[in-house]
Amino acid sequence: MMVDWESDDDVSMVPGNGPERRFFPRGAVIFKEGGTPDVAFIVESGKVDILKSRDGKHIVLGSIPKWGIFGELALLDGKPRMASAIAVEDTVCLVISRESVSHLLGNAPRGLTALVHSMAN
């Protein structure tokens with residue numbers, strides 16, 4: 001599979017009601033290691049690999065199957081992305097914004113909020 005690490009041109013929106021969905025064709029880079037986090041994703045269909053770059057090579061840390069979530073820790077700790085994510089096959093993801101997470105945590109019991117933040121750090 002060829003991955004175009006420089007282009008975001010293959011990414012398009014999937015129309016519909018409800019949460020935002022993004023379509024990523026096979027090989028599309030969803031986000032890059034070191035990037036600034038603004039959203040997390042839930043895989044609605046397809047599959048995503050999480051990759052780390054070391055000495056010019058890409059090491060697969062894990063695969064995210066249907067209904068798996070990825071990119072969420074960066075929304076909680078605010079640090080740059082620790083790895084890259086690519087679509088292993090044509091993939092549709094639900095998008096979870098930083099604002100949505102903040103809203104949910106703002107309405108959660110204080111103890112739960114503290115637990116979530118401690119898990120992220």
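A: Happy to! The lining of the largest pocket consists of 11 nonpolar, 1 polar and 4 charged residues, where Ala, Val, Leu, Ile, Met, Phe, Trp, Tyr, Cys and Pro count as nonpolar, Asp, Glu, Lys and Arg as charged, and the others, Gly among them, as polar. This is a predicted model, in which local features need pLDDT of at least 70, side-chain atom pairs count only at pLDDT 80 or more, and totals for chains, interfaces and linings use all residues. Residues are numbered from 1 along each chain as its sequence is written, and side-chain values use heavy atoms, with hydrogens and water left out.

The largest pocket holds about 300 Å³ of space. A pocket here is an open set of points on a 1 Å grid over the protein atoms alone, where a 1.4 Å probe fits, with protein on both sides within 12 Å along at least five of seven lines; lining residues have an atom within 4 Å of a point. Its volume is the space filled by probe spheres set on the points, which are joined across faces, edges and corners. Of its 16 lining residues, Gly71, Leu73, Ala74, Met82 and Ala83 are the closest to the centre. Two elements, β7 (69-70) and α1 (72-77), each give two or more residues to this lining, and α1 gives the most, with 4. Helices (H or I, at least four residues) and strands (E, at least two) are DSSP runs, numbered from the N terminus.

Now to the sheet. Its 4 strands run in the order β3-β8-β5-β6, open and with antiparallel pairing; two strands pair if DSSP finds at least two bridges between them.
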